Amino acid sequence: KYKLTFKAVSETLSFFVESENKELIEEFVYGFFELFGDAKLKKIETHQINDDATKTKVIEFIEKFRGRFPPSLNQVIAFFNHLEENESFLFLPEIDLTVDVNYRLHNYLLSLKSNESLESLNANFEKVYGNALKNYDIVPNGTVRKFIGIKNLHVRKCRFCGLGQLETEFKQTAHAISEGLGNKKVFLYEECDSCNEKFSRELEPDLINYFSIFRTFFDIKAKGGSKKLKGKEFEIANDGQPIINFSSESHRPDPRDKSYILNLELLDKVNTQDIYRCLSKFVLSVIDTKYIGSFKETIKWINKEISIDTLPKIGELISYNHFTKEPKLFVYIRKTDNMAFPFMVGEFHFTCKIITFIILRSNKDDQKFIDKIEYETFWKQFVHYNKPQNWAFNDFSNDTERDLKF
């Protein structure tokens, strides 16, 4: 397999081409190199312009291979169709973009497009993200298709029960992030069928219900396709645009009101601590195997073997700056010994909603981040979180089912 990345200001496309046929992969990759450089000299011109000639030769090249690779190859054509005419883009073969490098390349392209100084854009980036990057490595998940963990079935162990091939089965494909939220890219080898079934029954429904209005409102075609949402005295459907129908007059606004508040209550109840468990389980599903040993207590809590009365607050934000129809999960892993900051933090994006949460009970933490001062010290470290002023900090400690209202 071979990884190719195209990056523009508006979007980034990373994908693997895979085949049992090595010659096919070489033909495809070297063919791409010839479009943007000289394959024989192994020289690539990374910076390209989306003019008519470039767009035409890329589309013609993809058409030659359309039947020889999965339909996902069509996303390359979609990428170029989305670019503006004569917009700059970068061709990056076999490169893994760190968050830091990704932002700096974004600034480079932005400076070309807007005539803003690259120095000032990078200085602003350093001001906003510098502190976080000094203390954390940031690992993105959901932008490219990948399998996580040990593939070899004979030495593989489930991350959540510790059992291996002799004690349990690994026949199912485990989604590291719920398929019910539209994840089709991130998978985990190290999750046995029993744990996969248990989490899909006990934890994931609470999180999926929590996002149900967003999923229907933005017509997210996850597992099972588009979903209508039926609540108490209302139904939401999306057939090109979202429509809310009410079964009683109680929701009818005064026609003189230009704006008004709707209270929408779901039929299904949710357990908010299970939502926190599920988000934490996603993080433990996407991190490298070497980190799992630091979260033995966390896994016991996710499995409901131990109870925790008070959890750290969860930060929630509605923002269209990072809108996504596929779930994305950024994991912050502390790379210093500064115990004032949690060892691991998750940042979950889905549609217009961003949720930030601490992975609790790591053996690399000596604080629980429940105390207000401890939590605020952590939060102020993330300067990019302080820019939007409308974060809500919510308590998900309740471990019983209750009504959910939007």
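A search of the whole structure, a predicted model, finds zero disulfides. Cys158 shows why: the closest cysteine sulfur, in Cys161, lies 3.7 Å from the sulfur of Cys158, too far for a bond. A disulfide needs the two sulfur atoms within 2.5 Å.

Cys195 is in no disulfide either. The nearest cysteine sulfur there belongs to Cys192, 3.7 Å away.

Are Cys158 and Cys195 buried or exposed? Cys158 is buried, with a relative accessible area of 3%. Cys195 is buried too, at 5%. The cut-off for buried is under 20%.

## Fold and dimensions

The protein chain holds twelve helices and 18 strands. Its C-alpha trace spans about 65 × 65 × 45 Å along the principal axes.

How does the radius of gyration fit a compact globule? A compact globule of 406 residues would have a radius of gyration near 22 Å. The protein chain has 23 Å, so the value agrees with that expectation.

## Packing and contacts

Of the 406 residues in the protein chain, 48% are buried.

## Surface and charge

The protein chain exposes about 21,100 Å². Carbon and sulfur atoms supply 49% of that area.

The chain carries 58 positive and 60 negative charges.

Conventions: Residues are numbered from 1 along each chain as its sequence is written. This is a predicted model: local features need pLDDT of at least 70, side-chain atom pairs count only at pLDDT 80 or more; totals for chains, interfaces and linings use all residues. Side-chain values use heavy atoms; hydrogens and water are left out. Helices (H or I, at least four residues) and strands (E, at least two) are DSSP runs, numbered from the N terminus. The radius of gyration is taken over C-alpha atoms; the globule rule is 2.2 Å times the number of residues to the power 0.38. Buried means under 20% relative accessible area, exposed over 50%, partly exposed in between (1.4 Å probe, protein chains only). Accessible areas come from the Shrake-Rupley method with a 1.4 Å probe; for residues, only the protein chains shown count as cover. Lys and Arg count as positive and Asp and Glu as negative; His and the chain ends are not counted. The place of a charge is taken as NZ of Lys, CZ of Arg, CG of Asp or CD of Glu.
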